[in-house]
Amino acid sequence: MGDGGSANDPFCNGQRDEMLLGKILRLDVDANATSPPFYGIPPDNPFASSAGARPEIWAKGLRNPWRFSFDRSTGDLFIGDVGQDSREEIDFQPGGSPGGRNYGWKVMEGTACGAGGNSGCPSGAPACNAAELTLPILEYTHSGGDCSVTGGFMYRGTNNPRLAGTYFYGDYCSGRLRGATRSSGTWTSRVFSARAAGLTTFGEDAAGELYLATENGFFAKIADANPAAPTVAGVSPVSGSARGGDLVILTGTNFSSAATVTFGGVPATTIAVLDPIATRLSVVTPAHAVGAVDVVVTNPDARSSTLSSAYSFAPVPRVTPPPRTTRTIRRP
Ligand SMILES: [Ca+2]
């Protein structure tokens with residue numbers, strides 16, 4: 001929920017545990033489904049049993065959270081929090097960690113001290129840069145037309161291997177799209193060339209592919225405009241039955257679950273990327289004549305990679321029949 005408005009959160013709602021404003025709430029929507037308040041309080045909510053605090057609160061110190069999402073792989077929580085006059089930010093909570101984080105507003109706007117200081121705040125509210133505040137993982141200033149962040153999603157789809165592990169977000173005012181990746185705990189963000197003016201939301205489908213939409217009704221699916229070609233470096237195991245049906249793991253780069261994989265020109269089945277960085281692909285071999293064959297991976301954009309004579313189809317073992325026994329029948 002937003003902080004209730006007016007500049008610099010004059011009542012310091014974001015830091016008041018007795019207020020729902022300026023918070024993210026966590027509700028059990030299956031409880032009290034037919035009677036007020038039409039939700040329940042999860043018992044492990046951080047303020048579930050704190051006197052003078054609203055038990056619905058999960059996180060505090062937010063100004064105007066505009067879209068939050070969970071990383072479908074890790075459970076990490078990403079929150080786009082719209083700033084006031086200077087900073088737009090993405091806040092973060094690692095999957096599995098307890099709630100109760102204080103993301104700083106209004107004593108801080110991003111990593112800067114808030115223009116309103118602590119005026120109106122309850123006694124005990126943290127000061128700027130207090131250790132108990134959780135600073136954003138990403139922020140940007142109001143330059144070049146940026147003015148209001150739109151939180152998005154971590155990309156966990158398989159159609160765009162180069163985008164694996166990229167958190168997509170953007171700006172409503174400029175239409176800029178940004179993508180952030182984490183390396184050794186440090187987040188780095190880049191600006192994509194495509195823009196979507198009036199960007200209001202992102203979406204994720206069942207396969208983890210991402211979409212965006214604008215207030216003008218523009219709707220688009222996010223895809224890599226110049227995807228990298230796959231490379232196949234290894235196949236394991238390197239042989240199997242000519243009857244097919246064997247599970248084989250390909251190692252390499254830039255794999256896609258939408259790829260076509262052939263063994264000696266015959267398509268394999270049950271193709272799946274096994275890791276977030278798209279370096280392992282599992283397939284089930286087709287039936288094929290005995291012999292060594294090339295393994296070819298072709299991504300949806302038609303770029304391909306061939307590993308020559310990488311796999312051998314072995315004869316189907318014959319079951320040896322038991323030896324005949326001779327019976328002699330004697331007439332009496
Ligand atoms: Ca903040």
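These legends walk through close-up views of one predicted protein model. Residues are counted from 1 along each chain, following the sequence as written. Since the model is a prediction, local features need pLDDT of at least 70 and side-chain atom pairs count only at pLDDT 80 or more, while totals for chains, interfaces and linings use all residues.

**View 1. The two domains of the chain.**
Here you can find domain 1 (13-221) and domain 2 (231-314), with bounds that come from an automatic or database domain assignment. Their C-alpha centres sit 41 Å apart. Where they meet, eight residues of domain 1 are in contact with 10 residues of domain 2; "in contact" means that the C-beta atoms, placed from the backbone, lie within 7 Å. On domain 1, the side touching domain 2 is made of two nonpolar, four polar and two charged residues. In this sorting, Ala, Val, Leu, Ile, Met, Phe, Trp, Tyr, Cys and Pro are nonpolar, Asp, Glu, Lys and Arg are charged, and the others, Gly among them, are polar.

**View 2. The largest nonpolar core.**
A nonpolar core is a set of buried Ala, Val, Leu, Ile, Met, Phe, Trp, Tyr and Cys residues joined through C-beta atoms within 7 Å. Buried means that 20 or more other C-beta atoms lie within 10 Å of a residue's own; exposed means 12 or fewer, and partly exposed is in between, with C-beta atoms placed from the backbone. Which of the 51 residues in this core touch the most other members? They are Phe168 and Val297. Strand β23 (residues 291-298) gives the most to the core, with four residues. Strands like this one are DSSP runs (E, at least two residues), numbered from the N terminus. At least three core residues come from each of domain 1 (13-221) and domain 2 (231-314).

**View 3. Zooming in on Val297.**
Leaving out residues up to four places away in sequence, Val297 touches Pro230, Val232, Leu250, Phe255, Ala259, Val261, Leu281, Ser304 and Ser305.

Four bridges link β9 to the antiparallel strand β10 (residues 167-171), and Met154 stands opposite Tyr167 in β10.

**View 4. The sheet β16-β18-β22-β21.**
This open sheet also has four strands, paired antiparallel. Its edge strands, β16 (231-236) and β21 (269-273), each pair on one side only. β16 pairs with β18 (residues 247-253) over five antiparallel bridges. In β18, Gly252 is the bridge partner of Val232, and Thr251 is the bridge partner of Gly234. Five bridges also join β18 to the antiparallel strand β22 (residues 280-284), where Leu281 is the bridge partner of Leu250.

**View 5. Around Thr141.**
Thr141 belongs to strand β8 (residues 138-141). Is Thr141 buried or partly exposed? Thr141 counts as partly exposed because it has 14 C-beta neighbours inside 10 Å. Not counting residues up to four places away in sequence, Thr141 touches Ser86 and Arg87. Ala223 is 82 residues from Thr141 along the chain, and their C-alpha atoms are separated by 27 Å.

Definitions and conventions
Contact = placed C-beta atoms within 7 Å. Pairing = 2+ DSSP bridges.
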